[in-house]
Amino acid sequence: MDENKVIIITGGASGIGREAAYLLAEAGNAIVVADFNEEGAKETASNIEAQGGKAATFKVDVSKAEEVEAMVDFAVDTFGTLNGIFNNAGIGLVKPLLEMDPASYHKVIDVDQHSVYYGIYYGAKKMVELGAKGTIVNTASIYGSMAAKGSFNYNAAKAAVVMMSRSGALELAEHGIRVVGVAPGFIDTPILGEDEEMKKALSALHMHNKLIQPEKVASVVKFLFSEEAAAINGSTVAVDDGFLSFK
Ligand SMILES: NC(=O)c1ccc[n+]([C@@H]2O[C@H](COP(=O)([O-])OP(=O)(O)OC[C@H]3O[C@@H](n4cnc5c(N)ncnc54)[C@H](O)[C@@H]3O)[C@@H](O)[C@H]2O)c1
């Protein structure tokens with residue numbers, strides 16, 4: 001069983017990141033719950049501790065390089081090493097292309113794309129410096145491989161995440177670091193907002209006609225961090241209930 005690893009999870013205050021934090025902590029790993037929502041991160045960490053697990057929180061804006069670097073240092077200062085990073089924090093900002101002004105474009109690129117570069121760069125550098133082997137998992141999306149109206153910014157960011165997982169894997173294999181991606185379909189988390197009609201329409205895009213629960217993505221992420229997934233490298237695994245396979 002995989003245990004006693006130190007894993008940073010960005011976006012750990014909510015949704016997929018929170019559920020991944022619970023599962024990876026339950027398996028015996030120490031988790032740094034990183035998010036700019038401090039309150040949510042603390043809630044995740046205290047739930048882990050209440051179950052006898054190890055967790056610490058770090059307030060980070062993943063779109064800022066220096067904050068991601070500080071997050072990596074914090075993990076090592078707190079738990080002594082670093083074996084994994086789940087680059088998962090993200091946002092959406094839906095707009096037609098003809099209204100996709102530079103600010104709307106860059107906002108999503110900064111949070112969903114550049115953050116993954118920062119996580120891979122600072123995370124891997126630290127692991128190599130420590131001689132620690134490990135795994136980096138990046139959250140992409142089905143929209144990293146198919147276009148959606150209103151998602152020019154998000155499509156661009158998530159496609160880059162798919163390629164960063166491949167490219168990162170290629171360069172880091174010699175250091176004993178695997179880099180992989182996970183591509184969720186529509187997951188029942190706060191990122192989708194409150195519009196129930198829209199959620200119903202999105203549900204119909206999956207083979208079981210419902211949104212996927214975040215625990216289902218988290219269990220795949222837990223697997224990707226494990227030794228059982230040792231031969232998965234550079235690829236992005238779809239957790240999409242058939243979204244990309246039909247219609
Ligand atoms: N929910 C879906 O349908 C879906 C589908 C495909 C991909 N994803 C991706 O999954 C990831 C997790 O999303 P989720 O569905 O769990 O949503 P969520 O809103 O529940 O969680 C996202 C978390 O990221 C944090 N965050 C946002 N911007 C941040 C920043 N700049 N710095 C630090 N933290 C920040 C938020 O505070 C939040 O806790 C995202 O990358 C998202 O794009 C989600």
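How many residues surround the ligand, and which are the closest? In this predicted model, local features need pLDDT of at least 70 and side-chain atom pairs count only at pLDDT 80 or more, while totals for chains, interfaces and linings use all residues. Residues are numbered from 1 along each chain as its sequence is written, and side-chain values use heavy atoms, with hydrogens and water left out.

It turns out that 29 residues surround the ligand, the closest being Ser14, Asp35, Asn88, Tyr154 and Thr189; a residue is near if one of its heavy atoms lies within 4 Å. By type, this shell splits into 16 nonpolar, 10 polar and 3 charged residues, where Ala, Val, Leu, Ile, Met, Phe, Trp, Tyr, Cys and Pro count as nonpolar, Asp, Glu, Lys and Arg as charged, and the others, Gly among them, as polar.

Now for the polar contacts (pairs of N or O atoms within 3.5 Å). A polar side-chain atom of Tyr154 sits 2.7 Å from a ligand oxygen. Polar backbone atoms take part too: one of Ile16 is 2.8 Å from an oxygen atom of the ligand, and one of Gly15 is 3.5 Å from an oxygen atom of the ligand. Taken alone, the ligand exposes 830 Å², and the protein buries 94% of that, going by Shrake-Rupley areas with a 1.4 Å probe.

Notes: Polar contact = N/O pair within 3.5 Å; in protein donor to acceptor, adjacent residues only side chain to side chain.
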